[in-house]
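Open the model in your viewer and keep the sequence panel beside it. The stops below can be selected one after another.

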Amino acid sequence: MNHFIKKFVAIIVTMLISVSVVGCGNNDQQYTRTDFMMDTVMQVTAYGRNAKKAVDESMNKLKEIDNLMSSQKSGSDIQKINDNAGVKYVKVNPETFYVIKTALKYSKISGGYFDITIAPLVNLWGIGTDHAHVPTESQIKDAMKYINYKDVLLDEKNDEVKLSRKGMAIDLGGIAKGFAADELENIMKENGVKHALINLGGSSVYLYGSKPDGSNWNIGIQNPFGDKGTYFAIVSGKDMLIDTSGNYERYFIQNGKRYHHILNPFTGYPAESGVVSTTIVSTNIKSIDADALSTITFILGVDKGMKLIESMPGVDAIFVTPDYKVYATSGLKGKLKITDSRFKLYENR
C-alpha cells in the first residue's frame, strides 16, 4: 500500500460521521471528492442541488491555494519571497498577504511560539521527508539565527512582503489549511449549500451547517497513541470547526526517541510541553485562527495553553497528555464524550 493510499484510508476511517442516507430529492443529493493536495488528503462532501458545483469549485480553490502558498512549489508566492530574502520586496496575491499578516498576528499573541520564519529549521530536520534526521547542535544554532517573525516586513498598500535577511525563509504549513477551510466555507455559502463536511487532512475539519436531517455531526478525535483512524472521544456540533495538532502526524524515531514535526522556535527541537495532542473546537472563530491556535497550544502545554484559550470567548481546547489524561476547557463541559476507557477526562484544571 503506497503512502497516498495509506493516508486516504486513514482519513476515511478517522471521520466518525453519521451521514444521512442519500435520498432522491434535491436537498439530499450528496457529492464527495477526495484529492491529495497541500501534502495531505483533502475530502469535501456537500449536500443539495448545487453540491457538485460547490465541491468542484472547492477542489479548484484548494489547488489554487496550494500553488500560491506552498514553499515547495516552483513559482509560488512563498518561494518567491524566500528566494528574495534580504534582497527586495515581493508582490504577492492578496490572499497570501492576508495569511502572512494573520500568522504574524499570532506570532505576537503567542510571544513568538508560532513563527512562520521557522522554515530553515523545518528544512534542516526534514521531518516527514525521506531525509529526516537529528541535526547537530551547531546546525540547529545556525538555523535559529534566521528565525524571527519581526523580520518579516509588510507593505500593506501594495501587498508586498520582504524577509529582512538573506537566509531567512517562511513556511505557511501551520496556517494555510485553516485559511483554505474558510475559503471553502465561503464557496458553500455562495452556492446555497446548507450542509457540508470539509476535511482537510483530518487535522482541519469544518462542520458546515448541520447534517441533512438537521441533527449534529459527530466527529471522532484521533487517538494520539493509536493507528490513524482510531479515536478516543467524540464531539458533536454544527457550524463548528475542529483543528488538531499532534506528535503522531509526522515524525521519525531514532535511538528509541520520537522526533515530531512541531518545532519549538526557542529551542530548535520538537516541542516537549507535556502534551501529545491539542484540539481547538469553536463556533466563534475562523479556521485560520484555529489552525494557528492548535500549534500554539501544543507548544505552550496544558497550563499556559488553557489559560490562553480560556481568555478567548467561544473557543475551546482539548489537551491529551502522555499518561492518557484529557484536559478540556470550560466551554466543553458535558459536550465531550470519551469513548476509550483508557483515557480519563479532567474538566477542571
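Predicted model: local features only at pLDDT ≥ 70, side-chain atom pairs only at ≥ 80, totals over all residues.

**Stop 1: helix H4**

Now extend the selection to residues 94–109, which make up H4. At 1.5 Å a residue these 16 residues should span 22 Å, and the end C-alpha atoms are 23 Å apart, so the two values agree. Just after H4, look at Gly111, which has a positive phi of about 70°.

Which residues of H4 are buried? They are Glu95, Thr96, Phe97, Val99, Ile100, Thr102, Ala103, Leu104, Tyr106 and Ser107. To see what covers them, show helix H2 (51–69), helix H3 (77–83) and helix H8 (287–300), which are among the covering elements. Strand E4 (152–155), strand E5 (160–163) and helix H7 (176–190) also belong to that cover.

**Stop 2: the nonpolar cores**

The largest nonpolar core has 69 residues; select Met69, Ile81, Ile100, Leu172 and Leu293, which touch the most other members. Centre on Leu172. Leaving aside neighbours within four places in sequence, Leu172 is in contact with Met69, Ile78, Val99, Ile100 and Ile116. A second, separate core holds 21 residues, including Leu207, Ile221, Ala233 and Val281.

**Stop 3: the open sheet**

Display the nine strands in the order E1-E2-E6-E7-E10-E13-E14-E15-E17; they form an open sheet with mixed pairing. Strand E1 (30–37) and strand E17 (344–346) are at the edges with a single partner strand each, so one side of each has no neighbour in the sheet. From one strand to the next, the twist averages 15°.

Zoom in on strand E14 (residues 315–320) and strand E15 (residues 325–328), an antiparallel pair joined over three bridges. Select Val320 and its bridge partner in E15, Val326. Next show H8, which packs on the sheet and touches E7, strand E10 (240–246), strand E13 (277–282) and E14. The direction of H8 makes about 30° with that of E10.

**Stop 4**

H7 lies across strand E2 (40–47), E6 and strand E7 (204–209), and runs at about 160° to E6. Follow the loop between H7 and strand E6 (195–200) to find Asn191. Is Asn191 buried or exposed? Its relative accessibility is 7%, so Asn191 counts as buried. Beyond neighbours within four places in sequence, Asn191 is in contact with Asn50, Lys53, Ala54 and Glu57.

Conventions: Residues numbered from 1 in each chain as written. Heavy atoms only, no water. Helix = DSSP H or I, 4+ residues; strand = E, 2+ residues; numbered from the N terminus. Expected span 1.5 Å × (residues − 1). Buried < 20%, exposed > 50% of the residue type's maximum accessible area, 1.4 Å probe, protein only. Contact = heavy atoms within 4.5 Å. Core = buried A, V, L, I, M, F, W, Y, C linked by side-chain atoms within 4.5 Å. Pairing = 2+ DSSP bridges. Axes fitted to C-alpha atoms, helices over the stretch in contact; angles between N-to-C directions.
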